[in-house]
Amino acid sequence: MNLSLMLKQLLDFPSRIGNTFLLWRKHVVYDSSSLLTWGRLGITGKGVIRIGNNVTIVSSDMINPIAGSGKTHFVTSNHGRIVIGNGCKISNCSITARDLVHIGERCTIGSNCMIADNDFHSLHPELRQNDDWNNTIIKPVLIGNDVFIGARAIILKGVSIGDYAVIGAGAVVTKSVPRGEIWAGNPAHFIRKIDMALEKPASSIPPNLEPSHQNTNA
Ligand SMILES: CC(C)(COP(=O)(O)OP(=O)(O)OC[C@H]1O[C@@H](n2cnc3c(N)ncnc32)[C@H](O)[C@@H]1OP(=O)(O)O)[C@@H](O)C(=O)NCCC(=O)NCCS
């Protein structure tokens, strides 16, 4: 382990203690031996939150400064459920459930995304003045396995995202995304299908700059 990582772990120790207490106080179901958190989580509300095994949640720009200094915040109403599958990695995101946000296994959710199964406020101007959540539209959000959501994407109510799909940075996803497709933009639209056989990253480094693996011993 390098020195910089050790120092970050030391600095993060108070947050981890605070998170352990918060997760216990909010009755979050999780595996304490495999959940890795960085930074102080936010959890609001009395709904059900289940976090699978080997999940990493970043809530600090110390570890992921890519899209600013957001936190990870889970917000539920009394009947809200947030389910996060095994092996997910989540960075500085807000996830809000009045009914259900279900995230499958091994998903990567980039920095500063917002995922919500409701509109937070009524669309009717008078009802909005009362500003309780009872007058909002609620539709579950279902995210499959091995989904990658780019930084600052917004996933709106009623959206399902199929396995292996990729959502571009900054996308506003209003419609469901089939499995194995890349969608991006506002509103998010189809970009292309993912070719599972060819989707290995090609090196963009010119050949003369590639590290040499030749044995230089004369
Ligand atoms: C969506 C993404 C994966 C597509 O990558 P790609 O397959 O290499 O796509 P390309 O760069 O070849 O672009 C293909 C087309 O999609 C468009 N596009 C790509 N990303 C886009 C985005 N985020 N929003 C809107 N349009 C996008 C391009 O403009 C291009 O359009 P065109 O065909 O009309 O010229 C990538 O652009 C992206 O957004 N990655 C997420 C990065 C990120 O946020 N990481 C997490 C950090 S925490």
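Because the model is predicted, local features were considered only at pLDDT of at least 70 and side-chain atom pairs only at pLDDT 80 or more, whereas totals for chains, interfaces and linings use all residues. Residues are numbered from 1 along each chain as its sequence is written.

The protein contains 2 helices and 19 strands, where helices (H or I, at least four residues) and strands (E, at least two) are DSSP runs numbered from the N terminus. Of its 218 residues, 33% count as buried; a residue is termed buried if 20 or more other C-beta atoms lie within 10 Å of its own, exposed if 12 or fewer do, and partly exposed in between, with C-beta atoms placed from the backbone. Among contacts between residues at least 6 apart in sequence, 35% join residues at least 24 apart, a contact being a pair of residues whose C-beta atoms, placed from the backbone, lie within 7 Å.

Strands of a sheet pair through backbone hydrogen bonds, either parallel or antiparallel, and two strands are taken here to pair if DSSP finds at least two bridges between them. An open sheet of 8 strands has the order S1-S4-S7-S10-S13-S16-S18-S19, and its pairing is mixed. Strand S1 (36-38) and S19 stand at the edges of this sheet with a single partner strand each, so one side of each is left without a neighbour in the sheet. Within the sheet, strand S10 (residues 108-109) is joined to S13 by 2 bridges in the parallel sense, with Ile 109 opposite Ile 149 in S13. Strand S16 (residues 166-167) and strand S18 (residues 181-184) likewise run parallel and are joined by 2 bridges, and the bridge partner of Ile 167 in S18 is Trp 183. By contrast, S18 and strand S19 (residues 189-193) run antiparallel and are joined by 4 bridges, Glu 181 standing opposite Lys 193 in S19.

S18 and S19 form a hairpin with 4 residues between them, and Gly 185 in the turn has a positive phi of about 95°. Pro 187 also lies in the loop between S18 and S19, and the peptide bond from Asn 186 to Pro 187 is cis, with omega near -10°.

A further open sheet consists of 5 strands in the order S3-S6-S9-S12-S15, with parallel pairing. Its edge strands are strand S3 (48-51) and strand S15 (160-161), each of which pairs on one side only. Strand S12 (residues 141-143) is joined to S15 by 2 bridges, and Leu 142 has Ser 160 as its bridge partner in S15. Elsewhere, strand S2 (residues 42-44) and strand S5 (residues 73-76) run parallel and are joined by 3 bridges, while S5 and strand S8 (residues 94-97) pair in the parallel sense over 4 bridges. Val 75 in S5 stands opposite Thr 44, and Val 75 has Thr 96 as its bridge partner in S8.

The largest nonpolar core comprises 41 residues, of which Ile 115, Ala 153, Ile 167 and Val 173 touch the most other members; such a core is a set of buried Ala, Val, Leu, Ile, Met, Phe, Trp, Tyr and Cys residues joined through C-beta atoms within 7 Å. Leaving aside its neighbours within four places in sequence, Ile 115 is in contact with Cys 93, Ile 95, Val 101, Val 141 and Ile 155.

The ligand is surrounded by 15 residues, the closest being Gly 110, Gly 150, Gly 168, Ala 169 and Ala 184; a residue is assigned to this surrounding if its C-beta atom, placed from the backbone, lies within 6 Å of the molecule. The shell divides into 8 nonpolar, 7 polar and no charged residues, with Ala, Val, Leu, Ile, Met, Phe, Trp, Tyr, Cys and Pro counted as nonpolar, Asp, Glu, Lys and Arg as charged, and the others, Gly among them, as polar.

Gly 144, in the loop between S12 and strand S13 (148-149), counts as buried because 21 C-beta neighbours lie inside 10 Å. Gly 144 and Ser 160 are 16 residues apart in sequence and 7.7 Å apart in space, C-alpha to C-alpha. Phe 120, in the loop between strand S11 (114-116) and helix H2 (125-130), has a positive phi of about 70° although it is not a glycine, and is partly exposed, with 14 other C-beta atoms within 10 Å. Tyr 164, in the loop between S15 and S16, has a positive phi near 65° and counts as partly exposed, with 19 C-beta neighbours inside 10 Å.

Note on methods:
Contact = placed C-beta atoms within 7 Å.
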